[in-house]
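Reader: Here is the model I'd like to go through. Can we take it piece by piece?

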Amino acid sequence: MSVSIDQIFVSGKRWLLSWLAGAPDWLVQVVSSLINIFALLAVFLTLFALMSVLERKILGRIQNRYGPNRVGPFGLLQPVADGIKMLIKEDIVPVRADKIVHFLAPVLIAATAILALGIIPYGRGMAPFTIDGGILFFFAVGSTTELAVFMAGWGSNNKFSMLGAMRAIAQMISYELPLIITVLPVVMIVGSLTPDTIVAAQDGYAFGFVPRWFVFTPWGAAAFLLFFVSGLVESNRTPFDVPEGESEIVAGHMTEYSGFKYATFFMAEYIGMFAITGLGTTLFLGGWHAPVGVLEFLPSYVWFFAKLGALLFVYIWLRGTLPRTRVDQIMNFAWKFMLPMAFTCIVAAAVWHYAGRGLRGWLWSFVVIAVAYTALSIFLDTRKKFAPRTYRFAE
Amino acid sequence: MSAAFVIISILTLAAALAAATLRKLMHAALSFAVAFVGLAAFFFLLGAEFVGLVQIFVYIGAVAVLIVFTILLTRRDVEKDRGFNWSGVVVTIAVFGGLIWAIVKTQSLSVSAPEMPVLTVKHIGEVLMTGYVWPLLCVGLLLTAALIGALILVMEEKR
Amino acid sequence: MTPTLQIFLIVSAALFCVGLLAALSRRHAIFILIGIEMMLAAANLNFIAFWRFSPEPHQPTGVMVAIFSIAIAAAEAAVGLALVISVYRHYRTTNVDQFDQLKG
Amino acid sequence: MSWITINLWLIPAVPVAISLGILSLAKSRRKSAAGLAVIGQVIALVLSIAAFLETLQAPGFRAVQNFTWFTFGDTELRIGWVLDPLAAAMLVMIALVGLCIFIFSVGYMADDKNFTRFFAYLSFFSGAMLGVVIANSLLLLFVFWELVGLASYLLIGFWIGRPSAAAAAKKAFITTRIGDMGFFLGILWLYHSSGTLLFYDDGNGCLESAGLAMLGASATFIALLIFCGAIGKSGQFPLHVWLPDAMEGPTPVSALIHAATMVAAGVFLVARVYPLFSFGAIHGVTPSLTVVVWIGVTTALMAALIAIAQADIKRILAYSTVSQLGLMMVSLGVGGVAAGIMHLLAHGFFKALLFLGAGSVIHGCHHEQDIRKMGGLRRLMPVTFLTYAVGMMALSGVPLFFSGGWTKEEILHSTAHWPKSHVPHYLLLAGVVLTALYMTRQIIYVFFGKSRAAFEHAHESPSVMTTPLVVLALCAIVFSVVLTPAWPWLHGYLGGEPAQFDITRLIQPMFFVSLMLVAAGIGIGVLLYHRAGVQDRNRPAETDPLEYMQPGLFRFLENKMWLDELYDRTVIAFAAISARVSDWMDRYVWDGLVRALGSLGQLFGIFTRDVDERGINAGVDETMTGTRGLGRVISSWHSGQIQTYLGVVAIGMLALLLLYAWLV
């Protein structure tokens, strides 16, 4: 019975496809992918709406006030109202703007964000698209976001936008390295770039009760923390939201956007957030596996979305708690701490593997991580040294 | 395969042509990116998924961004209109003709693709780590050197 | 009709020539870089195509070469753009016609 | 073959490596420099003790490790290292004393600006010295020997600022070089006649029966030549003059190099190649050994006499060192090898102790070295005083508790039974008295009475300096346990036969004799000097009692028997004259020749210049103008237009393409 519930979406899709039995092969393919896409959009747009209102309510709680509570029961219909407002607003395009680029930017950014969702397995056998090397796909698509942001900044010929775009790209590029390098240990240990395989590799329990998720190994834990922080940066969330720091540059690269385009940016940001957290869940938190053996009767996608929700809650929590960091602090942190630690994670994973993936490996890799961490925290000097600019090979 | 091929090739070549001829540098750079997406699509079409992904990853994620950054940093005279060197066009057309002629002339090229097992990333990784490990190391060295060189070239020196 | 090797080669030749065009006939240094990148990419396309159409595609030589050349192209782009920037700082222009003296 | 015997080379290698490390440090890294040096010494000590324990396992233990250094033609040069009781005992002594001295100098050199350099040199020296000890090839030994000489040169001249120091360094270097010349000749001769320089090479070494048999009669001369080296290094009679001057170096250096280890290297050398000396001996007497004995006796007595009349605290010790070395030489010469080495070891401890004590005194008195200005320091620096007293008694050979006493007694024993003559024996007895005498004089001057110059502000040295003193003092006492005739363990260990305990042998006639002699020496000393420095009737305070009694004799001794002056008159004068002669030759004879040749060359030059200008240049100029024109043309192609270049490349590619198409 639980199996049928678990597989309900898969079987539903199969049922839908069974209508065009005998149709040419390409048609079936197109239809099935269309089904996937619709399912994705439906789920995640709802999630986006829900998230936007929940975020506001939770922030409200944290700041000791009620969140939105006027529209609908507990203000749950707030996003609908916002959507309508956005739709009927005038779409302003600056005169000096580069029209085409200005128009294309939100489209591209949304497209990439949604594409990235495609490879995550949401449940047992529920990955919309299974590409060999899906992780690489994720990052390939994710790296396109930078271009979109740049287009936004450049297209709306405005210094605030440009500055915002520059900041965004700078920090995105800097944190893309730790992001990817922290994924490497998992890939190394599993020996595959396919998300399904990675999830499958985290099946089962050590000593019967500790799930074999990678987050429970020292290197995994460290990598997960690094990944999480990088994810925060990639999705421009506090404390790393300098690109759209209202108090400094109006709204960063989104300054000149209004109405539905702005809404698109907004959505794209949230969806990017979902994608990153989903990947994190897949890589480190055991994907759709249940944390405890007895709870396995609950369907897999429930577990996946539970973990996703937990991570998202942490995002909101951080946003409600932490102040904004300075640009140079972000950069220093990326290059002087995150990157070395990420490499250390690789080493630690190798140690864990060659010490036999048991307790011994656990201890040894822990030692590696601890040593590197203490060394960095002792010898690191992240103070900004201000100095006059001079160039060696110019002027 | 053929329909996809036609679409992709048209897209790619059009984008490439735009990249080569557009007046506004930024547009050119963006269409350059598009052209490379098309190229990646070609690679997918030819069953080299990994290369396609790497192509997108490197060119869109890194090179295109670098180019637009450079455009930004050298913006002062980007918008200025500058002449077009027609002799170059002549040479290009000549080379194109020569190439096409050579390709069409050689009969042995008109073969169609043989059946082949899908090329997994795992396989590529194994080959990379066994047969091609020295080239891999050399490329790593080269990239490091390039990184350092580029940094030194544009470095802000602290006094 | 399924595309033969020839057609792929023609496409890549076209791409190559577009790159050559960009490299030869545009004045802006960045265009030259773009052109060179395109030519390299065309070469990659050739490699992949030859690998795919070769009698034994199970040994991925062409793929390897393509991967390496992509890496090298990336390095080349980085250095090239850095050069463009520092040259720009020096001459205050990116018009290649004016980079015609060695003394700086 | 255990680990240590195979890796014996580590013992010298570690300090040398460390010294290089220190040299690479910045001048300001004083702490790390000292720390490194001490650590290196500790490592060396630990390894040495390991080696020592290794040798205990069997009487007459010997482990040899040889390998080929390089090959020229078909002859290959082999070097190696040897571990036997002799080497092991030396290793431990050197490493231990070295460690103490290193620690001491941390305090002594505390406010020197070249601190790091000092420690670099010091550990370099200690490494080289340890190398000398373990070398199993005369060549290797010679190499380390010279390195030791170099280190000593550097350290004597450590305070380059003082001209006297520089002069002393030069003197030491050159004087020892004279001896080393003989040594080197000996090596060559040895290699020529025996074909090997290895000491022990399972039967074929130059010290083993087969090798010796090859030498035959030449053994004597070889031995004497090698002995020249020993004379130079350990300041024996004709070449002893450098050692007292070497006291210009910092006191720890004097303690380590010029008292404990390097100067003993000569004795060690003789002991090492003893088979060469004793080859073909008729009951224990060979010509070479006889020479050794007489030189030793002369040195011992002469130095002891000079020591009486010296006023510089360190010079006194230096001369006593010389005389003790002479004593050891005698002991070796008369066949008491074990006795000589035992005295060498014991002397290493207590002489280092004395020097360090002197150093501490000098440090306390702000670098005053004249004993006549000191006095009454007993109360001001008690620790130094006690340890110094221990050293003094050990040196002057007070029996029963102090190592020096036993070894000296042993030596006297062996001299007593020398068949050739008894003169050396009696002279040595006189030497013992003199030793006790001058030590008493010194200690009374320095520590007793009331202080003469204003040294109320003299202070006890910091513990970093006093601790080594205490350690060495304990060594000087405890060491005697293994020396007593009742249980001559060390004797047996060196000689290679087990020692059995027998209390009856403790007390022997020689014991009383030496007791009396020492008592006599000290008594005379007290009598003479108890009022020294005090205003006596019609004797001014600063004049020495002996000087008051025997001015001429005192003058004679005080000026080191005019030996330096003698050398100045003879050797150096000769050198100077020959230099002047050759200078004249050079100036007037050779120079003239050269000038003549030069003018010839000038003439030729003038001729060729004409040829050049008229003939060749014109042609060359033509060519050049042609080339320049061509260059102008070609350089106009290099417009610096990237796109032009690219276009040309493209055209070239097109051409190749067409060529291909045409060929296919």
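Reader: In what order do the elements of chain B run from the N terminus on?
Author: They run α-α-α-α-α-α-β, that is, six helices and one strand. Helices (H or I, at least four residues) and strands (E, at least two) are DSSP runs, numbered from the N terminus. This is a predicted model, in which local features need pLDDT of at least 70, side-chain atom pairs count only at pLDDT 80 or more, and totals for chains, interfaces and linings use all residues. Residues are numbered from 1 along each chain as its sequence is written, and chains are lettered from A and ligands numbered from 1 in the order in which they are written.

Reader: And what pattern does chain C follow along the sequence?
Author: The pattern of chain C is α-α-α, with three helices and zero strands.

Reader: How many residues of chain B are in contact with chain C?
Author: 70 residues of chain B are in contact with 60 residues of chain C. Contact is taken as C-beta atoms, placed from the backbone, within 7 Å.

Reader: Which element gives the largest share on the chain B side?
Author: H3(B) does, with eleven residues.

Reader: What classes of residue are on that side?
Author: The side of chain B that touches chain C has 54 nonpolar, 14 polar and two charged residues. Ala, Val, Leu, Ile, Met, Phe, Trp, Tyr, Cys and Pro count as nonpolar, Asp, Glu, Lys and Arg as charged, and the others, Gly among them, as polar.

Reader: On to chain D. At what angle do H3(D) and H4(D) pack?
Author: The angle is about 160°, with the axes 8 Å apart. Axes are lines fitted to C-alpha atoms, for helices over the stretch in contact, and angles run from 0 to 180 degrees between N-to-C directions. H3(D) and H4(D) are therefore roughly antiparallel to each other, a label for angles over 145 degrees.

Reader: What classes make up that contact?
Author: The contact of H3(D) with H4(D) has 19 nonpolar, four polar and no charged residues. Among those that meet are D:Ala34, D:Val38 and D:Phe52 in H3(D), and D:Leu91 and D:Phe102 in H4(D).

Reader: Which residues have the most contacts inside the largest nonpolar core?
Author: They are D:Leu91, D:Phe125, D:Ala352, D:Leu472 and D:Ala476, in a core of 208 residues. A nonpolar core is a set of buried Ala, Val, Leu, Ile, Met, Phe, Trp, Tyr and Cys residues joined through C-beta atoms within 7 Å. Helix H4 of chain D gives the largest share of this core, 19 residues. Apart from it lies another core, of 190 residues, including A:Tyr122 and C:Leu24.

Reader: Last topic: is A:Asn64 buried or exposed?
Author: A:Asn64 counts as exposed because it has 6 C-beta neighbours inside 10 Å. A:Asn64 has a positive phi of about 60° although it is not a glycine.

Reader: And A:Asn236, buried or exposed?
Author: A:Asn236 counts as buried, with 23 C-beta neighbours inside 10 Å. Its phi is positive, about 45°, although A:Asn236 is not a glycine. A:Asn236 sits in the loop between helix H9 (218-234) and helix H10 (259-284) of chain A.

Terms used:
Contact = placed C-beta atoms within 7 Å. Buried ≥ 20, exposed ≤ 12 C-beta atoms within 10 Å, placed from the backbone. Parallel < 35°, antiparallel > 145°, perpendicular 65-115°, else oblique.
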